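Hello,

Here is the structure I said I would pass on. Please look at it first, then read the notes below.

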Amino acid sequence: LLTHRRIDGNDVTLVAAADRSFARETRTVRLFAVYDPSDNTTFLRGIAAVSLRDDVWIEGSAGVFTGSSLATLGRLTRRDFVYTRLKVFF
């Protein structure tokens, strides 16, 4: 049985994102963060991509959830991830 907090209009969630390209758009870095101060939970994600040649990219990403609560971010505490993928555009 889950209990729900009463929402009284004072809930705040901070969201930040950054995107930067380098070396004539052949390298890209993206950062994303979400922080809920009332639950002290955080989600951080980083993505890096490199163009190997025209229309071929390799990308890697990692995401980390911190804190624990019954709210959305807190329920994902053990869902950290890492991936790599090859992207081919045609």
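**What was found**

Of the chain's 90 residues, 20% count as buried. Please keep in mind that this is a predicted model.

Start with the overall layout. The chain contains one helix and five strands, and along the sequence these follow the pattern β-β-β-β-α-β. The chain exposes about 7,000 Å², and carbon and sulfur atoms supply 57% of that area. Among the contacts in the chain with a separation of 6 or more, 33% are between residues 24 or more positions apart.

The strands come next. They form an open sheet of five strands in the order S1-S2-S3-S4-S5, with antiparallel pairing. Strands S1 and S5 (81–88) are the edge strands, and each of them pairs on one side only. From one strand to the next, the twist averages 10°.

- S1 (residues 14–22) pairs with S2 (residues 27–36) in the antiparallel sense, over nine bridges. Arg20 stands opposite Val29 in S2. The two strands, S1 and S2, form a hairpin with four residues between them, and Ala23 in the turn has a positive phi of about 45°.
- S2 also pairs with S3 (residues 41–53), again in the antiparallel sense, over 10 bridges. Here Asp36 has Thr41 in S3 as its bridge partner. The hairpin of S2 and S3 has four residues between the strands, and Asn40 takes a positive phi near 55°.
- S3 pairs with S4 (residues 56–66) in the antiparallel sense over 11 bridges. Ala48 has Gly60 in S4 as its bridge partner.

One residue is worth a separate look. Thr28 is found in strand S2. Is Thr28 buried or exposed? Its relative accessible area is 9%, and a residue counts as buried under 20%, so Thr28 is buried.

What is Thr28 in contact with, leaving aside its neighbours within four places in sequence? The list is Asp19, Arg20, Ser21, Ile47, Ala48, Ala49 and Trp57. Two of these names have come up already: Arg20 is the residue opposite Val29 in S2, and Ala48 is the bridge partner of Gly60 in S4.

Regards

Terms used:
Residues are numbered from 1 along each chain as its sequence is written. This is a predicted model: local features need pLDDT of at least 70, side-chain atom pairs count only at pLDDT 80 or more; totals for chains, interfaces and linings use all residues. Side-chain values use heavy atoms; hydrogens and water are left out. Two strands pair if DSSP finds at least two bridges between them. Buried means under 20% relative accessible area, exposed over 50%, partly exposed in between (1.4 Å probe, protein chains only). Contact means heavy atoms within 4.5 Å. Accessible areas come from the Shrake-Rupley method with a 1.4 Å probe; for residues, only the protein chains shown count as cover. Axes are lines fitted to C-alpha atoms, for helices over the stretch in contact, and angles run from 0 to 180 degrees between N-to-C directions.
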